[in-house]
Amino acid sequence: MDNPGSVPTKNFRLQGGRRSRQQKQPLPPQYGYGQGPQFFDDTTNIYPNLQFQGQPPGPATGWNNQTFGQPSFPGQQILGDPMAAMAMQYGQTLAGQGKVIVNEKLEKFVSVSKLKYYFAVDTAYVAKKLGLIFFPFTHSDWSVHYNQEEPVAPRYDINAPDLYIPSMAFVTYILTAGYLLGTQNKFSPEQLGIHASSALAWLTIELAIILLALYVLNIGNSLKVLDLTAFCSYKYVCMIAAVLASLIFSSLGYFAVLCYCSLSLDFFLLRTLRVSLLSQSTSDHYGGGSRRSLYLLLVLCVVQPFIMYWLTRHLVLDVGVQSNVME
């Protein structure tokens, strides 16, 4: 038996064992601000009085310096405003209405769809058309083909008028004139503008006279203003050929090519416009309408060489003068 004052050894050992086992058990991880193991040291209060310069106090910033609670791009706040959205929608509506009005006004003077017809060309058409202008004597069929009362696109009909060749020939004529003026030490940017405005002025005067003559003489025809513009502008192709000939054969080559191109262009215009002017004339073949149309056509063909000479004569120098300039 044990003594009454002694402590039981067995119980003490068991309790001690329990205590030791309880002390050996790891504590569960605690998160937050409670007591527990920390993986990193708390450094938030090390520099309490430190202030970052250049960054005013404001809302907290997150990853990649993005501010929370504010729009991510400048226009987001405006787009989020209902009044601003209504104003933008109203502005888009006004812009659409203005575009429609401009197109309607433009269609009254120049139809875009009709203008596209004169530029519906391809490489084969351009090559054949240039050959027809320089060598029209072997061509037999000069009638313009139609498809359901509408003329066929120029790429399918070599006799149809186009504005691609005249526009390109006009630009090439201005550039060629600038080059020739440069060889004569007379080039200046103002000279290009003078040549362009002069050529356009003569073309405008020529078209105005033709339209006035058609109205005064009461000549019925199927020609439109753009058709006349195309036929009157084919002379720029001949002008380029004559000016380029002057670079190789001097003034003699210029006059030779100018005479031949004048003959070929007159033959081309006479055969092409005869179908449009004489076929629409009133009365019979020997009536007054046919004679007036024929006279007008002859005058138009006779005037072309003089206009070509007037616009290119100052670009050509004599042989002696050109040699002195080159020296």
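Colleague: In which hand does H6 pass H7, right-handed or left-handed?

Modeller: This is a predicted model, in which local features need pLDDT of at least 70, side-chain atom pairs count only at pLDDT 80 or more, and totals for chains, interfaces and linings use all residues. Helices (H or I, at least four residues) and strands (E, at least two) are DSSP runs, numbered from the N terminus. A crossing is left-handed if the near helix is turned anticlockwise from the far one by less than a right angle, and right-handed if clockwise. For H6 passing H7, the crossing is right-handed.

Colleague: At what angle do H6 and H7 pack, and what is the term for H6 relative to H7?

Modeller: Axes are lines fitted to C-alpha atoms, for helices over the stretch in contact, and angles run from 0 to 180 degrees between N-to-C directions. The axes of H6 and H7 are 10 Å apart, and the angle is about 140°. Angles under 35 degrees count as roughly parallel, over 145 as roughly antiparallel, 65 to 115 as roughly perpendicular and the rest as oblique. The angle therefore makes H6, relative to H7, oblique.

Colleague: Which residues of H7 make the contact with H6?

Modeller: Contact means heavy atoms within 4.5 Å. On the H6 side, the contact is made by Phe170, Tyr173, Ile174, Ala177, Gly178 and Leu181. On the H7 side, the residues are Gln191, Leu192, His195, Ala196, Ala199 and Leu200.

Colleague: How many residues in the contact of H6 with H7 are nonpolar?

Modeller: Ala, Val, Leu, Ile, Met, Phe, Trp, Tyr, Cys and Pro count as nonpolar, Asp, Glu, Lys and Arg as charged, and the others, Gly among them, as polar. In this contact of H6 with H7, three residues are polar and none is charged. The number of nonpolar residues is nine.

Colleague: How are H7 and H9 arranged, roughly parallel or roughly antiparallel?

Modeller: Helix H7 covers residues 189-216 and helix H9 covers residues 235-278. Their axes come within 17 Å and cross at roughly 20°, and H7 passes H9 in a right-handed crossing. H7 and H9 are therefore roughly parallel.

Colleague: Which residues of H9 take part in the contact with H7?

Modeller: H7 contributes Ala199, Leu203, Glu206 and Leu214. The residues of this contact of H7 with H9 divide into five nonpolar, two charged and no polar. Those from H9 are Lys235, Tyr236 and Leu277.

Colleague: How many residues of helix H8 are buried?

Modeller: Buried means under 20% relative accessible area, exposed over 50%, and partly exposed in between (1.4 Å probe, protein chains only). Helix H8 spans residues 225-233 and is largely enclosed by the rest of the structure. Its buried residues are Asp227, Leu228, Thr229, Ala230, Phe231, Cys232 and Ser233. Of the nine residues of H8, the number buried is seven.

Colleague: How many disulfides does the structure hold?

Modeller: A disulfide is a pair of cysteine sulfur atoms within 2.5 Å. For Cys232, the nearest cysteine sulfur, that of Cys301, is 10.0 Å away. The sulfur of Cys261 is 4.4 Å from the closest cysteine sulfur, in Cys238, which is too far for a bond. The number of disulfides in the structure is zero.

Colleague: What is the C-alpha to C-alpha distance between Met308 and Met239?

Modeller: Met308 belongs to helix H10 (residues 288-312), and Met308 is buried, with a relative accessible area of 0%. Not counting residues up to four places away in sequence, Met308 touches several residues, among them Met239, Tyr254 and Cys261. Although Met308 and Met239 are 69 residues apart in sequence, their C-alpha distance is 6.0 Å.

Colleague: Is Asn218 buried or exposed?

Modeller: Asn218 is found in the loop between H7 and H8. Its phi is near 55°, a positive value in a residue other than glycine. At 60% relative accessibility, Asn218 counts as exposed.

Colleague: What percentage of the residues in the protein chain is buried?

Modeller: Residues are numbered from 1 along each chain as its sequence is written, and side-chain values use heavy atoms, with hydrogens and water left out. The protein chain has eleven helices and two strands. Of its 327 residues, the buried share is 31%.
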